[in-house]
Amino acid sequence: MRRKLAKPGRLFYKLSIPMFILLLCVIGLFSAVSSYILIRAQNDHAYRMAEQSLTFVYRSVGYQLATMNNTAAFVLSNPSFEKLLDTGHERPYEAIGDFFELQSHLENLSLVSLLNEYGPAGRTKTTYVIAVALEPSSGLYEVATDEYYPATGLYKSDRLRQTEWYSELHDRGKQTAWWGEQAGVKPSVFVARSKTSFRDGHEIGTVLVGADMSAIQGVMAMAPIEKGYHLLLDEADRVIYSDKYPFLEDLSGSSIVRAMDGSRGSAKVSVNGERHIELYETLDNGWKVISFMPASHIGSDTLLISLVGVLIGILGVAVTGFLLRRIIVKVTVPVIRLVGAMQRPDVLEGKEPLPTPIGGIREVDELYRQFASMLVVNRELAVKAYRDEIAKKQLHLELLQSQINPHFLYNSLDLINCRAILAGDRDTSKLVRSLANVFRFGLNKGKTWIPLADEIRQATAYLDIQTMMLADLAYSIEVPPSLADAPVIHLIVQPLAENCIVHGFANRTERCRIRLSCREEDGKLILCVEDNGGGADAAELNRRLLEAEKDYADPSSPGLSGGYGTLNVHRRIRLHCGEGYGLRYVEVPEGTRAEAVLPSP
């Protein structure tokens, strides 16, 4: 019968809800940051495009004005022009030839503008206006035209002396004057420079170079600003070029001019009730190039980008949430099934197997395998603990069976001791007292743990008896006073000493020596019993101890025989202290050394 898949439980919700909230926060933060970055990038792009447009206009207009200024400088510095302008004539008609020659040079020079004009290829291109306003000191003054007209030619300066630009050049000492004026039907810009004689420095006239707005208009058309426009102001903040304001309109008191601080920069201004971003830069002649862009254009796509970011975030949450739920289900459902199996007694007792993992996740499958292995180990440990408890009770029963009624035993020994003393038999009296001590410390009122000093006294009483039985037997005891009160399992030293006499001295009767010692080593208490008898293979004895411990069987080796023999000592230490303790044999040059390892106090 196919098992029904477990439903998601509390584990599923404890994992999914925090993770979903975390996922929601992460995707929301990601969407917000992404939208912010996109909006910022779009705004920065629009701002950079306006800056690039301003830079292009600034450089192009600056180039046009510099070309006009250089043209004027060429006229001022040309020696041929100087000679024609400064040569004197007795009669006016004598200057006619020089007049037409200079007029022809100026007309040819004006054609240079055709190489520098911006605009569509199909539009008719115009030339510069190059004129010279002559002073009376010039040799061509008498034949020059009386009335000035903004066209290439030679004119008398009399009608120009009342103009502002003329006053700037000749009265205020400026080297160059720039201005805008309506030249016929076309707005134009002019530059004027004063011409003095190379010979004696007297003033000859003024060179004027003018151009209509077609070149500047072509520059502006080549660098448009989306939903914005350009503006060119002179030093007096009058409009030189604009699509929004009339030519030469005074903007000195407007918010556009008040917002400017320094020769270049940007500002936010209100133009006709609408917020604009104003970018401006000052040309070499003091005129200002200004670019305007509506502030609303900077954030025009903000709402759209935000909506797209929200939709992408919602889609991301939905898809990721679906995948996250499937992943959590694949992890939690097998764990829930395993927890359910852990609570079933028939599974814990091994009567039924664990459910087969269905998640296909390596870590979960490993969890199933490890839990199954743990169940096997637990059952083995339970069996071992049961067997240890049975063995402990068996050892305790053997100890009880070996005990004799203490009162009857002590009364009998006291009676024998009294009769020996009355008969004057001192040796018999000593033997009886030693035997009484052996029984007194050996029975120990059924206590398992006794002080080391009492354990040594019991072993000493036993060895005193043996010295009376073996003529050449001697023993020594080396126990530090600091360890006298250390707790040890009773009746472990005397069986080891008995093993020395029974087996170590089985074929020896002379110079029999036994040494009892105690020391601390690596956090453990070591009781050592060593003899100089026939010796034994320490490795073999340790192997037999290990095998006998595994099989709980009495080995047939003489070194491990006896009711309270070495195996008995080893098993009692292991039962009371754990597997890290017990009896061990150490290889020595002569005889045999047995060490009982106990916990350090």
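Analyst: What follows covers the requested sheet, its helices and then a second sheet.

The model is predicted, with local features needing pLDDT of at least 70 and side-chain atom pairs pLDDT 80 or more, while totals for chains, interfaces and linings use all residues. Residues are numbered from 1 along each chain as its sequence is written, and side-chain values use heavy atoms, leaving out hydrogens and water.

The sheet is open and has five strands in the order E12-E14-E15-E17-E16, with mixed pairing. Helices (H or I, at least four residues) and strands (E, at least two) are DSSP runs, numbered from the N terminus. Two strands count as paired if DSSP finds at least two bridges between them. The edges are strand E12 (473–478) and strand E16 (582–586), each with a single partner strand, so one side of each has no neighbour in the sheet. From one strand to the next, the twist averages 20°. Axes here are lines fitted to C-alpha atoms, for helices over the stretch in contact, and angles between N-to-C directions run from 0 to 180 degrees.

Within this sheet, strand E14 (residues 512–521) pairs with strand E15 (residues 524–531) in the antiparallel sense, over eight bridges. Arg-515 has Glu-530 of E15 as its bridge partner. Helix H13 lies across E12, E14 and E15 and runs at about 170° to E12. Helix H16 (residues 566–577) also packs on the sheet, where it touches E16 and strand E17 (592–599), and its direction makes about 130° with that of E16. Contact means heavy atoms within 4.5 Å.

H13 has a helix partner as well. Helix H13 (residues 452–469) packs with helix H14 (residues 493–504) at an angle of about 25°, and their axes are 8 Å apart. This angle makes H13 roughly parallel to H14, a term for angles under 35 degrees, with over 145 being roughly antiparallel, 65 to 115 roughly perpendicular and the rest oblique. On H13 the contact is made by Glu-455, Gln-458, Ala-459, Tyr-462, Leu-463 and Gln-466, and on H14 by Val-493, Gln-494, Ala-497, Glu-498 and Ile-501. These residues divide into six nonpolar, three polar and two charged. Nonpolar covers Ala, Val, Leu, Ile, Met, Phe, Trp, Tyr, Cys and Pro, charged covers Asp, Glu, Lys and Arg, and the others, Gly among them, are polar.

For context, an open sheet of five strands has the order E2-E1-E5-E4-E3, with mixed pairing. Strand E2 (153–156) and strand E3 (176–183) are at its edges. The twist in this sheet averages 30° from one strand to the next. Strand E1 (residues 129–134) runs parallel to E2 and is joined to E2 by four bridges, and Leu-134 stands opposite Lys-156 in E2. Helix H3 lies across E1 and E2, at about 120° to E2. Helix H3 (residues 96–110) also packs with helix H2 (residues 79–86), at an angle of about 145° and with their axes 10 Å apart. The crossing of H2 and H3 is left-handed. Phe-81, Leu-84 and Leu-85 of H2 make this contact with Asp-98, Glu-101, Leu-102 and His-105 of H3.

How values were computed. Left-handed = near helix turned anticlockwise from the far one by under 90°.
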